Amino acid sequence: MTNSVGPILVYSKIQGDLDKLKLLLTAALPRAQIHFAASDEEAAPYLSRAQVLYGWGFSGVLLRSMPNLRWVQKMGAGVEDIVEALPRGVLLTRTDGRLIAPRMVEYVIAAILDKTAGFPQAREQQKQRLWKLYRPQTVSNLAIGVAGLGEIGTEIARVLRFFGARVLGWRRSVAACELVEQLYAGNESLPGFVEQCDVLVLVLPLTKETKGIFNAPILQRLKKDAHLINVGRGGVLDEQALLAAVEDARLAYATLDVFENEPLPPDHPFWRNERITITPHACGPLLPEDVAPHFIANYAAFAEGRPLSNVIDVSRQY
């Protein structure tokens with residue numbers, strides 16, 4: 001069955017990425033009518049007719065201005081910023097997390113190895129020109145918990161096992177995962193999961209159920225020398241509770257790539273804390289050459305009336 005598809009609107013705020021997408025998509029879909037926009041103003045002439053929206057950085061307001069919209073594909077893996085604004089009957093898909101996972105895995109491994117190798121201490125000793133022996137740790141002696149075992153979380157777990165770590169997993173629903181030594185499921189198991197972790201890696205989507213789930217009572221369950229890494233969504237973590245845990249030495253270190261409000265405000269106390277490493281939502285870049293093939297494959301399925309990949313359950317928000 002062939003499904004006639006109207007114009008496509010491709011939206012990205014990064015002009016360089018938009019230029020690459022233009023080359024990739026026009027070559028792969030020569031018969032499609034494709035428009036490109038880096039802002040709402042540039043998108044405005046195409047909103048009334050576009051039936052497909054692909055990209056990231058657009059708002060729910062934009063969706064409500066597209067009367068003929070039939071399908072939205074987010075260029076990233078998260079959809080929490082638009083799911084509640086999605087018009088009824090519009091199909092929502094996301095990019096397969098496995099296309100983003102390799103760089104996120106490397107980020108997590110780098111954050112862990114930085115601490116086990118003792119590099120923070122080495123950098124401090126270098127500032128003081130102090131030659132003082134210290135003994136690095138090893139990943140194989142760590143219990144590392146991965147909260148969120150989707151496409152990205154399972155890949156992180158797989159690589160951590162390669163390093164010899166004891167890998168624990170937590171997910172909201174009961175579903176087997178052979179890559180973790182012990183699986184915890186459901187909110188009632190979260191405290192027990194957290195208190196086992198030397199390193200806690202957050203890879204959760206942001207939904208009504210996960211918002212602020214890592215709050216003060218949960219963070220208090222962490223080991224005193226634990227290291228928390230958040231590469232999922234900033235909103236799952238209570239930032240004030242995290243700051244209090246670090247400042248009270250109840251948490252040794254935090255590596256944060258995502259935040260409740262982005263960009264992180266210049267006066268945010270995270271900037272001034274030496275035991276918090278901040279990166280600007282950089283560990284999972286949406287490179288056009290990585291993610292465009294997934295849209296192209298889904299477009300072919302949509303045009304032919306076949307099921308699409310990575311369809312979002314709007315009621316669950318992932």
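At the start of helix α9, a side-chain oxygen of D238 comes to within 3.1 Å of the backbone nitrogen of Q240. The model described here is predicted. Helix α9 covers residues 239-247. Its buried residues are E239, A241, L242, L243, A245 and V246. An α-helix has 3.6 residues a turn, so residues three or four places apart point the same way. Such spacing can be followed in the buried set, where L242 and L243 are listed together with A245 and V246. Several elements cover these buried residues. Among them are helix α8 (216-219) and strand β10 (227-230). Strands β11 (253-256) and β12 (276-278) also belong to this cover. Just after α9, the backbone of A249 takes a positive phi of about 60°.

A separate view is given by the sheet that contains β1. This sheet is open and has 5 strands. Their order is β2-β1-β3-β4-β5, and the pairing is parallel. The edges are formed by β2 (34-37) and β5 (91-94), each of which pairs on one side only. From one strand to the next, the twist averages 15°. Strands of a sheet pair through backbone hydrogen bonds, either parallel or antiparallel. Strand β4 (residues 71-74) runs parallel to β5, and 4 bridges join the two. Within β4 and β5, K74 stands opposite R94.

The whole chain was then considered. Its secondary structure comes to 10 helices and 12 strands. A compact globule of 318 residues would have a radius of gyration near 20 Å. The chain has 21 Å, which agrees with that value. Along its principal axes, the C-alpha trace spans about 65 × 45 × 35 Å. Of the 318 residues, 50% count as buried. A residue is counted as buried when its relative accessible area is under 20%. The accessible surface of the chain comes to about 15,700 Å². Carbon and sulfur atoms account for 52% of that surface. Contacts were also sorted by distance along the sequence. Among those between residues at least 6 apart, 59% join residues at least 24 apart.

Key: Residues are numbered from 1 along each chain as its sequence is written. This is a predicted model: local features need pLDDT of at least 70, side-chain atom pairs count only at pLDDT 80 or more; totals for chains, interfaces and linings use all residues. Side-chain values use heavy atoms; hydrogens and water are left out. Buried means under 20% relative accessible area, exposed over 50%, partly exposed in between (1.4 Å probe, protein chains only). Contact means heavy atoms within 4.5 Å. A polar contact is a pair of N or O atoms within 3.5 Å; within protein, one must be able to donate a hydrogen and the other to accept it, and residues adjacent in sequence count only if both atoms are side-chain atoms. Two strands pair if DSSP finds at least two bridges between them. Axes are lines fitted to C-alpha atoms, for helices over the stretch in contact, and angles run from 0 to 180 degrees between N-to-C directions. The radius of gyration is taken over C-alpha atoms; the globule rule is 2.2 Å times the number of residues to the power 0.38. Accessible areas come from the Shrake-Rupley method with a 1.4 Å probe; for residues, only the protein chains shown count as cover.
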